[in-house]
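The sequence and coordinates come next.

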Amino acid sequence: MRFVPEDKLPIENTPVMKGMKCKTISWLIFFCLVFLPVLVSIYIWLEYDWLIAIGMGLFFYLVSAIVASKLRLSSVPFDQRERNFSSLEIAKWYTKYHFC
């Protein structure tokens with residue numbers, strides 16, 4: 001038996017994307033948050049130097065973490081902000097509330 005207080009609402013699950021447009025937008029946001037810093041670092045490594053690529057890679061990971069934090073704050077409900085979410089879950093919440 002589980003005790004649930006009367007004044008609290010149950011925690012919502014991560015939204016399920018319905019439709020190709022919503023899935024594409026959420027995966028595109030996920031790709032930009034996770035893989036774009038790696039691709040930019042590889043490009044800088046090939047064009048310039050490996051030391052500059054390491055520095056820029058760390059910088060872009062910092063920027064992507066800040067962007068993920070802003071996306072999380074603007075889309076995840078207030079009562080669920082203490083939970084940990086992956087980048088894909090943050091992208092799904094953002095897509096649900098702002099696009100679909």
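Does Asp 79 count as buried, exposed or partly exposed? Asp 79 counts as partly exposed, because its relative accessibility is 38%; buried means under 20% relative accessible area, exposed over 50%, and partly exposed in between, with a 1.4 Å probe and protein chains only. Asp 79 belongs to the loop between α3 and α4. Its C-alpha atom is separated by 7.7 Å from that of Ile 11, 68 residues away along the chain.

The model is predicted: local features need pLDDT of at least 70, side-chain atom pairs count only at pLDDT 80 or more, and totals for chains, interfaces and linings use all residues. Residues are numbered from 1 along each chain as its sequence is written, and side-chain values use heavy atoms, with hydrogens and water left out.

**Overall fold**

The protein has four helices and zero strands, in the order α-α-α-α from the N terminus. The protein is more spread out than a compact globule, because its radius of gyration is 17 Å, well over the 13 Å that the globule rule gives for 100 residues. That radius is taken over C-alpha atoms, and the rule is 2.2 Å times the number of residues to the power 0.38. Helices (H or I, at least four residues) and strands (E, at least two) are DSSP runs, numbered from the N terminus.

The C-alpha trace spans about 60 × 30 × 25 Å along its principal axes. Of the 100 residues, 28% are buried. The accessible surface comes to about 7600 Å², and 68% of it belongs to carbon and sulfur atoms; areas come from the Shrake-Rupley method with a 1.4 Å probe. Among contacts (heavy atoms within 4.5 Å) between residues at least 6 apart in sequence, 57% join residues at least 24 apart.

In α3, the buried residues are Ala 53, Gly 57, Ser 64, Ala 68, Leu 71, Arg 72 and Ser 75. They pack against α1, α2 (36-47) and α4. In α4, the buried residues are Leu 88, Ile 90, Ala 91, Trp 93, Tyr 94 and Thr 95, and these pack against α1 (20-34) and α3 (50-75).

Trp 93 lies in helix α4 and is buried, with a relative accessible area of 0%. Leaving out residues up to four places away in sequence, Trp 93 touches Glu 12, Asn 13, Thr 14, Pro 15, Ser 75, Val 76, Pro 77, Gln 80 and Phe 85. Trp 93 and Gly 57 are 36 residues apart in sequence, and their C-alpha atoms are 26 Å apart in space.

Ser 26 is placed in helix α1. At 1% relative accessibility, Ser 26 counts as buried. With residues up to four places away in sequence not counted, Ser 26 touches Met 17, Ala 91, Lys 92 and Thr 95.
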